[in-house]
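Reader: Hi! Could we go through the salt bridges in this one together?
Author: Happy to. Here it is.

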There are 2 protein chains.
Amino acid sequence: MKNNVNRELPTDLMEQLDYQAYQTTEIGDPQIQRVAPKVHVSMGDQKVVQSIQDVVSKTVKDGMTISFHHHFRNGDYVFNQVMRVIIDSGIQDLTLAPSSLTGVMNDIVIEAIKKGTITNITSSGMRGSLGDFISHGGMKNPVIFRSHGNRARAIESGEIKIDVAFLGVPNADRLGNANGMAGKAVFGSLGYALMDAQYADQVVLLTDNLVDYPNTPASIKQTQVDYVVQVDEVGDPDKIGSGATRFTKDPKELKIASLVNAVITHSPYFKQGFSFQTGSGGAALAVTRYLRQAMLDAKITASFALGGITKPTTDLLEEGLVDRIMDVQDFDKGAAESMQSNPKQQEIDASWYADPDNKGAMVDQLDVAILSALEIDTKFNVNVMSGSDGVIRGAIGGHQDAAGAKLTIICAPLVRGRIATIVPDVTTVVTPGDSIDVVVTEYGIAINPKREDLIAALSKIPGVPVLPIDQLQALAEKKVGQPTPLQFTDRTVALIEYRDGTLIDQIKEVKD
Amino acid sequence: MKNNVNRELPTDLMEQLDYQAYQTTEIGDPQIQRVAPKVHVSMGDQKVVQSIQDVVSKTVKDGMTISFHHHFRNGDYVFNQVMRVIIDSGIQDLTLAPSSLTGVMNDIVIEAIKKGTITNITSSGMRGSLGDFISHGGMKNPVIFRSHGNRARAIESGEIKIDVAFLGVPNADRLGNANGMAGKAVFGSLGYALMDAQYADQVVLLTDNLVDYPNTPASIKQTQVDYVVQVDEVGDPDKIGSGATRFTKDPKELKIASLVNAVITHSPYFKQGFSFQTGSGGAALAVTRYLRQAMLDAKITASFALGGITKPTTDLLEEGLVDRIMDVQDFDKGAAESMQSNPKQQEIDASWYADPDNKGAMVDQLDVAILSALEIDTKFNVNVMSGSDGVIRGAIGGHQDAAGAKLTIICAPLVRGRIATIVPDVTTVVTPGDSIDVVVTEYGIAINPKREDLIAALSKIPGVPVLPIDQLQALAEKKVGQPTPLQFTDRTVALIEYRDGTLIDQIKEVKD
């Protein structure tokens, strides 16, 4: 069967895993019965355990679902330490359900799959050797990819039931009050981890900084935590930053950023009290700088900035150009430090950020979202998950979620090296074209034909060529030629959920 | 049948309402399956409704459970406005489940009972005309009294299932982000209301101060709120303060306070990093002042102060004598303002404060709790619920909860007017004697014989007479004589739960 973005879906797996096919970006107004954890009652005085071995033997059993957060990104020391113990203890058949997987986790995840420790994975994404391993059929069961908002939704509805969450924190007291703002390995908002803390049956904190009781502000609360383990180091402060937060000097990125800025400022949404999510990456950061000047020139301020936060955004808060930052994740130390000192930078959990089955997520209040892409096709569908070789090398992140903004802009170069970004059909549909409004490349912009209002507003901006997306695609193809079609086997190695939990695409095993 | 504090329990009601008899103050380590609300999904853009009439007609149906918080205390304008509409709309058979009931709510609750609008009540307490009405058999079903921690427990376990919560706030944005710290009618911590916001199926905010979106800090979050109603005024700022926060000049209160201080400072718990809950009321505030001097003299500081917070306690925070305030409720404007400005004053919900079925509530970490009493008996059982005439005129509040402290001190005058405070048997057992350690009166102190360690530590303090509790009781009886035994009918008008949800006592209809 095919779904509404024309993707062939695996009917056997859909039946087995109880999936509906993706139909629409509209969420509607269903009533959802939330779930809640089973609480092991204690007075709280016996939470500190001496080693990871101790805590794993107290908590993890065959067949369970375990989780981690990825706020330490490539500076993470927690995941490897815990997985080492779990693998060595011979535990089998776990479902791994982290908020995402970063490169430093790849080797041990592959080992755990090979040894039968891990037999299922759900994640926002994966890259490098692990993506390669999965794409080449390394795991029997398909990986399930979910956006950050969809992970929150699935946890809240019980589709992901976490038995044990292992959460690394730069500070905690003996009962488990903790935050991400103080200590050696700070990362700021605990946004993704707050879901695990609230919904897992058992919550284990790992910290290198056991502080006096009671520790405040408490992002994670003692009422949520079963065990606290002291370890030597939870992370490498120098590798926590996403590394992509400096201002770009790349002329192509600057060109794209200036076009994005022109699109925003000429749109009907650029007015007093507007809101935006930019994200990290060279072009996005440059957009933030252009937007700053545009706001100064127009004498307007933004009501809030959302998403993964960087120092350029917290600078706007300091300057009074942004009234609030709603912070689910920080991409650099400056942004993390700002959350500690500025009460207008509100820590939010992944549900508040983006769960579509909510009473109003932040993303649904967004005016402008600037997102990236590996591929965009002529139906405006976006792929942020698989490379042009068909191999998994990305993450949904908040992509599907933020695309619910009133003005969703995809910015990407027309081609990357010898690979087209604008293609006839994306390899993997992650975000449906229905939620994409404008595509910005260094050669000009394409507006989704469904947005007649935007075509009217944006078609006569000096210096901003507006092209049909087919024409951008043809231009890209002219530059790099037509690629050889990818070869896949019949085996499904990954399923891509839409933010509402329906199935939007699958990824098949790469045929070498 | 009789329970472990020798109270006759109504077996028919126990069977009907599925009650166990109170047995022990020990909570043990059960596993509790928590419950979760049913969420009505929306994008959040249609939450603001024009009137209380509108929102009541959208939400309340016959037979539902509705709730309110009592943070406005006697300055509350919300309860009456909402109940007026509910009564006038003819809705029947509601269960009223507020965090507590204050005097300004009495008249309309009585009217609602008489008209069949309200047929069940659970509350922390009631006073004045409502207590009188219930005690004289004004409602068919018995009222259920629960402590603040027990209410949180009952909500989290599903024993109280709130269909609609009506929560007044001094500020909110159009999606329902709100706190108790800014606006005209501020009360500080939203501690009790946070339970309703998290667990009710439908959450209605009422505010006189609709602020720009997004409103932070958000104690109540947009993910929890269904409707926002703007009203003229939510409360009278002058009547929100408990009114009992000035420093006493009553020599009897000062004497009791100085004895309480002597007990604390000579106990093994008075050391660097100790913790305490004092509460409001003349003697309690005087204790805070004595404790300040004692900490300065001993060159020690407290790790945290807990409970209903007053300015004298936040002054200790400013002075550095207390390292953290864990704040479930503020009793005056000074304390409310301090929470806004001092990040070391952490807002906590009622579960974190005191739910015994938790992973460690704050009360279970308390070293010293100072509590009051209407009556204490020779088994150290405490009554804070019914007067010497048998009529309901009190509230459990956090009494049973904080009594779990390592050193629980009851301070009370030996007699009040012509009424003895220390009695052979309390009219109503609210807090079991097993959790009470020391009773302090102006004539001396009595130590629970089970606390041999405290008898050793406290028996030779200069100027602090230690008497057997029987002797204090005899002294009281000598002063005021033996009262005529109370006359009750066979009908049960109220049930008193212990903090764990078992039945500790009942209140019978008063025979005039």
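Author: A quick definition to start: a salt bridge here is a side-chain nitrogen of Lys or Arg within 4 Å of a carboxyl oxygen of Asp or Glu. Keep in mind that this is a predicted model.

Reader: Good. What is the N to O distance for D201(A) and K161(A)?
Author: The closest N and O atoms of D201(A) and K161(A) are 3.1 Å apart, and the two form a salt bridge. D201(A) sits in the loop between α7 and β10, K161(A) in the loop between α6 and β9, and they are 40 residues apart.

Reader: Is D201(A) buried or exposed?
Author: D201(A) counts as buried, at 13% relative accessibility. K161(A) is partly exposed, at 31%.

Reader: Ok, what about E497(A) and R153(A)?
Author: Their side chains meet in a salt bridge at 3.8 Å, N to O. E497(A) is in strand β26 and R153(A) in helix α6, so the pair ties together parts that are 344 residues apart in sequence. E497(A) is buried at 1% relative accessibility, and R153(A) is buried at 3%.

Reader: Switching to chain B, which residue pairs with D434(B)?
Author: That's K450(B), with the closest N and O atoms 2.4 Å apart. Both are in loops, D434(B) between β23 and β24 and K450(B) between β25 and α15. D434(B) is partly exposed at 46%, while K450(B) is exposed at 60%.

Reader: Which residues are linked in a network?
Author: R84(A), D88(A), E111(A) and K115(A) are linked by salt bridges.

Reader: And how many salt bridges over all chains?
Author: The structure holds 52.

How values were computed. Residues numbered from 1 in each chain as written. Chains lettered and ligands numbered in written order. Predicted model: local features only at pLDDT ≥ 70, side-chain atom pairs only at ≥ 80, totals over all residues. Heavy atoms only, no water. Helix = DSSP H or I, 4+ residues; strand = E, 2+ residues; numbered from the N terminus. Buried < 20%, exposed > 50% of the residue type's maximum accessible area, 1.4 Å probe, protein only.
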